[in-house]
Amino acid sequence: MALEQARQAEARGEVPVGAVIVCRGELIAAAGNAQLHGCDPSGHAEIRCLREAAQKLGNYRLPGCEMFVTLEPCVMCAGAMVHARIDRLVYATAEPKAGAVQSRMRYLDAPWINHRVKVESGLLQQECAGLLSNFFARRRTTLGSSE
């Protein structure tokens, strides 16, 4: 479902990242990136998904909830997960430039963090990495041809 959200974001011209939140086995939120069309620097799929889940549950704390996302979260998104008290994060592929969970930093392992998020990675890694690689390859080709 997160991969489908990423594909929908790509269709809107956004970087193809998608996220879903499941709470006690029930899907409660789904979102894709929307920074460009929303003119919103915080319009990451994870943030949008957290907002939707909080509204649905009527609480900014989301204990018992798990987030599935197609790309390793940045520090903003990882921080928001801590504040929301997400129980578990499952992400598909690493983000070598800005990944704040394992690639560039290990924000969720910081000793000052007051909530621990369980982390798993690699689920649908090839599909999600391929979607991103193809998106940026097309973007480079398009930008290169217009110069």
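Trainee: Which residue is the bridge partner of A19 in strand 3?
Mentor: V69 is the bridge partner of A19. Keep in mind that this is a predicted model.

Trainee: In which sense do strand 1 and strand 3 pair, parallel or antiparallel?
Mentor: Antiparallel, over five bridges, with strand 3 covering residues 65-71. Strand 1 also pairs with strand 2 (residues 26-32) in the antiparallel sense, over six bridges.

Trainee: And what stands opposite G18 in strand 2?
Mentor: G32 does.

Trainee: How many residues sit between strand 1 and strand 2?
Mentor: Two, and the strands form a hairpin. In the turn, R24 has a positive phi of about 50 degrees.

Trainee: Why is strand 1 described as largely enclosed by the rest of the structure?
Mentor: Because six of the six residues of strand 1 (residues 18-23) are buried. Buried here means under 20% relative accessible area.

Trainee: Which way do those side chains point?
Mentor: G18, V20 and V22 point one way, while A19, I21 and C23 point the other way. Both sets are buried.

Trainee: Switching to helix 4. Which of its residues are buried?
Mentor: C77, A78, G79, M81, V82 and A84.

Trainee: What do they pack against?
Mentor: Helix 3 (45-57), strand 3 and strand 4.

Trainee: What about M76?
Mentor: M76 is found in helix 4, which runs over residues 75-84. M76 is partly exposed, with a relative accessible area of 32%. Together with V75 and M105, M76 makes a nonpolar surface patch of about 230 Å².

Trainee: What follows helix 4?
Mentor: R85, whose phi is positive, near 65 degrees.

Trainee: Now T93. Where does T93 lie?
Mentor: T93 lies in strand 4, residues 88-93.

Trainee: Is T93 buried or exposed?
Mentor: Buried, because its relative accessibility is 7%, and the cut-off for buried is under 20%.

Trainee: Which side chain does the T93 side chain make a polar contact with?
Mentor: The side chain of Q125, at 3.1 Å.

Trainee: What else does T93 touch?
Mentor: Leaving out residues up to four places away in sequence, T93 touches T70, L71, E72, Q125, C128, A129 and L132.

Conventions:
Residues numbered from 1 in each chain as written. Predicted model: local features only at pLDDT ≥ 70, side-chain atom pairs only at ≥ 80, totals over all residues. Heavy atoms only, no water. Patch = residues over 30% accessible without salt bridge, like charges linked within 9 Å, V, L, I, M, F, W, Y side chains within 5 Å. Areas by Shrake-Rupley, 256 points an atom, 1.4 Å probe, with all protein chains shown as cover. Salt bridge = Lys/Arg side-chain N within 4 Å of Asp/Glu carboxyl O. Helix = DSSP H or I, 4+ residues; strand = E, 2+ residues; numbered from the N terminus. Buried < 20%, exposed > 50% of the residue type's maximum accessible area, 1.4 Å probe, protein only. Polar contact = N/O pair within 3.5 Å; in protein donor to acceptor, adjacent residues only side chain to side chain. Contact = heavy atoms within 4.5 Å. Pairing = 2+ DSSP bridges.
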